[in-house]
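Subject: Structure handover

Hello,

Here is the structure I promised to pass on. Please open it alongside this note, and then read on for what turned up.

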Amino acid sequence: MVKKKKGEYKIVGKVAIYPGSFDPITYGHIDVVERALEIFDKVIIAIAENEEKRPLFSVEERLQMVKTIFKDTPNVIVDSFKGLLVDYVAKTNAKVSLRGLRATSDFEYEFHMASMNRSLNTHLDTLFMMTSKDYFFVSSRTIKEVARLGGGVEGLVPDLVVRRLKEKFKLPVAKKKHIGWDD
Ligand code: PNS
């Protein structure tokens, strides 16, 4: 990574930005990053400091979790941003914003966001990756709800995230992996 002006950097190779709240990061997100690394030389995970969404985890807590999870993956850069995504992207040489799509219900929101970003910056394309079948039902929102109510989220988020959720909710999380179709 080559630092340019203050806050600006140029990364060698093909770069994608993966923006999101990551409140908290799930295996669905991690799967998207791993698959994106097959296409791009670097992936920047850009954690939005969106206080209006009343996140469960502070941006520092989210950064710490995501940095720890990708500490052995040098092609992943973990960062946070405030304000417009297009302004953050302009500080890098990324041309692609990466988003995961779980179901058609995600499409409308994602389509509006991608179209707005493209109207703000015509050089920015959004690339959608279908979430793997193992994680199509996993979202940060449902993970938080299940964990808050004492359900098991092991296998859907990394162990570190399970521990952080337990700490946040001061609740024991069930030992069972998660409730499958046959339970
Ligand atoms: O994980 P999320 O909450 O679906 O991610 C949404 C996110 C953070 C990618 C989006 O809200 C965003 O880009 N926020 C930054 C503000 C912005 O650029 N808004 C204009 C896009 S419509």
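**The ligand site**

A polar side-chain atom of Ser21 sits 2.5 Å from an oxygen atom of the ligand. Please keep in mind that this is a predicted model. Lys53 also brings in a polar side-chain atom, 2.6 Å from an oxygen atom of the ligand. Leu85 takes part through its backbone: a polar atom there is 2.8 Å from an oxygen atom of the ligand. Of the 550 Å² of accessible area that the ligand has on its own, the protein covers 74%.

Where does the ligand sit? The space it takes is the largest pocket.

In total, 14 residues surround the ligand. The closest are Ser21, Lys53, Leu85, Arg99 and Tyr109. Sorted by class, this shell has eight nonpolar residues, four polar ones and two charged ones.

Which elements supply at least two residues each to the shell? They are strand E3 (15-20) and helix H4 (104-120). H4 gives the most, with four residues.

**The chain as a whole**

The chain has 183 residues, and 43% of them count as buried. There are six helices and seven strands. Along the sequence they follow the pattern β-β-β-α-β-α-β-α-β-α-β-α-α.

**The loop between E3 and H1**

Two backbone features are worth a look here. Phe22 is found in the loop between E3 and H1. Its phi is near 50°, a positive value in a residue other than glycine. Is Phe22 buried or exposed? It is buried, because its relative accessible area is 3%, under the 20% cut-off.

Pro24 is found in the loop between E3 and helix H1 (27-36) too. A cis peptide bond joins Asp23 and Pro24, with omega at about 0°.

**The loop between E4 and H2**

Arg54 lies in the loop between strand E4 (42-48) and helix H2 (59-69). Phi of Arg54 is near 45°, again a positive value in a residue other than glycine. Is Arg54 buried or exposed? Arg54 counts as exposed, because its relative accessibility is 73%, over the 50% cut-off.

**Where to look first**

Start at the ligand, with the side chains of Ser21 and Lys53 and the backbone of Leu85. Then go to the cis peptide bond between Asp23 and Pro24. Finish with the positive phi values of Phe22 and Arg54.

Best wishes

Technical notes. Residues numbered from 1 in each chain as written. Predicted model: local features only at pLDDT ≥ 70, side-chain atom pairs only at ≥ 80, totals over all residues. Heavy atoms only, no water. Near = heavy atom within 4 Å. Polar contact = N/O pair within 3.5 Å; in protein donor to acceptor, adjacent residues only side chain to side chain. Areas by Shrake-Rupley, 256 points an atom, 1.4 Å probe, with all protein chains shown as cover. 1 Å grid on protein atoms, 1.4 Å probe; cavity = no way out; pocket = protein on both sides within 12 Å on 5 of 7 lines; lining within 4 Å. Sits in = over half its atoms within 2 Å of the grid points. Nonpolar A, V, L, I, M, F, W, Y, C, P; charged D, E, K, R; others polar. Buried < 20%, exposed > 50% of the residue type's maximum accessible area, 1.4 Å probe, protein only.
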